[in-house]
Amino acid sequence: MMEKLLIICVFVGIIHMIETLAYSVRLAGLKTGKLVVALSLFNIIVIVSRTANMVQAPLTGKLGDAVQSKEDLPVLLHQLQTILLAASIGTIVGALLLPSFVSIFSRMISHLEVAGSVPQMMKNITSIHTLEKAKKHVKRPRWTMLSQLRIGGVPKRLLLLNLMATTIYTVGVLSTLYASTLEPTLSKSILMSSGLINGLAMITLAVFVDPQVAILTEKVMKGDSTKQSMNKMVGTLVISRLCGTVCAQVLLVPAALYIAWICKLIP
């Protein structure tokens with residue numbers, strides 16, 4: 001069981017690391033002045049993240065299947081809390097790698113323009129010579145970056161919405177899994193509600209968060225705002241994302257109890 005839990009934690013960490021690094025694509029697009037090309041690379045990142053999510057989801061479900069009685073619930077709860085810890089660690093790793101990936105994605109954008117297609121680009125950048133040159137783009141995160149991340153100038157409502165969406169997205173599936181073990185007779189209806197919960201998180205991101213980031217990006221492209229303001233917004237969004245994964249730890253059990261209660265009310 002420990003090996004299975006470790007595999008799940010690795011996949012969850014990778015998912016959250018990739019989703020954190022997705023911010024670097026937009027920054028790389030601003031750096032190179034080729035935002036549309038950068039967004040095409042973002043789609044590749046989304047595919048990798050979704051693939052990792054599809055692999056870990058059935059494995060996580062197996063943890064719930066292992067619960068045979070109420071005595072097994074504390075073990076399951078500890079496993080789910082460990083998975084949430086992996087989400088926080090993945091977010092931290094992604095934040096530390098953000099400066100390096102801005103530089104790396106800037107180079108990938110140039111390679112994509114030359115190659116003309118993603119498969120050809122992947123073939124070109126996986127050569128030994130190109131991989132050796134990639135070491136030059138690795139940058140160490142500096143403490144001075146944190147000193148620049150004051151909330152002033154970044155809408156607090158945006159950070160709160162990003163935190164809420166991250167919390168719901170992170171805890172959604174795990175809380176429904178735990179709720180299904182608390183109420184075995186309602187397990188099917190509870191598990192089916194996970195799509196609705198994650199949908200709320202996606203709607204919040206798509207309707208309230210992403211448009212504001214896109215507006216600031218356009219202002220930077222037009223010269224109406226500075227790149228420093230974009231770096232500041234991305235940095236504060238990453239911090240609010242990390243806080244969201246921490247809040248997921250706190251809300252795991254209350255969310256499970258609430259989901260079970262709602263499903264009981266459904267006639």
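Ile259 counts as buried because its relative accessibility is 10%, where buried means under 20% relative accessible area, exposed over 50% and partly exposed in between, with a 1.4 Å probe and protein chains only. The model is predicted, so local features need pLDDT of at least 70 and side-chain atom pairs count only at pLDDT 80 or more, while totals for chains, interfaces and linings use all residues. Residues are numbered from 1 along each chain as its sequence is written, and side-chain values use heavy atoms, with hydrogens and water left out.

Ile259 sits in helix 10; helices (H or I, at least four residues) and strands (E, at least two) are DSSP runs numbered from the N terminus. Leaving out residues up to four places away in sequence, Ile259 touches Ser175, Thr176, Ala179, Ile190, Ser193 and Ile197, a contact being heavy atoms within 4.5 Å. Its C-alpha is 9.4 Å from that of Ser194, 65 residues apart along the chain.

The protein as a whole has ten helices and zero strands. Of its 267 residues, 40% count as buried. Among contacts with a separation of 6 or more, 82% join residues 24 or more positions apart.

After helix 1 comes Gly33, with a positive phi near 75°.

The largest nonpolar core has 28 residues, of which Leu80, Ile83, Tyr178 and Leu252 touch the most other members. Such a core is a set of buried Ala, Val, Leu, Ile, Met, Phe, Trp, Tyr and Cys residues joined through side-chain atoms within 4.5 Å. Helix 1, helix 3 (73-115), helix 7 (156-182) and helix 10 (227-265) each supply at least two of its residues, and helix 3 gives the largest share, eight residues. Beyond its neighbours within four places in sequence, Leu80 is in contact with Leu174, Leu177, Tyr178 and Leu252. Apart from this core lies another, of 18 residues, including Tyr23, Val220, Val234 and Leu237. In soluble globular proteins, nonpolar side chains tend to be buried together.

Helix 3 also holds Ala87, which counts as buried because its relative accessibility is 1%. Residues up to four places away aside, Ala87 touches Val12, His16, Thr170 and Thr245. Ala87 and Val10 are 77 residues apart in sequence, yet 9.1 Å apart from C-alpha to C-alpha.

The second largest pocket contains about 610 Å³ of space. A pocket is found on a 1 Å grid over the protein atoms alone: an open set of points where a 1.4 Å probe fits, with protein on both sides within 12 Å along at least five of seven lines, and lining residues have an atom within 4 Å of a point. Grid points are joined across faces, edges and corners, and the volume is the space filled by probe spheres set on the points. Of the 24 lining residues, Glu19, Ala22, Phe42, Leu205 and Asp210 are the closest to the centre. Helix 1, helix 2 (35-65), helix 7, helix 9 (194-222) and helix 10 each give two or more residues to this lining.

Leu205 belongs to helix 9. Not counting residues up to four places away in sequence, Leu205 touches Asn162, Ala165, Asp210 and Pro211.
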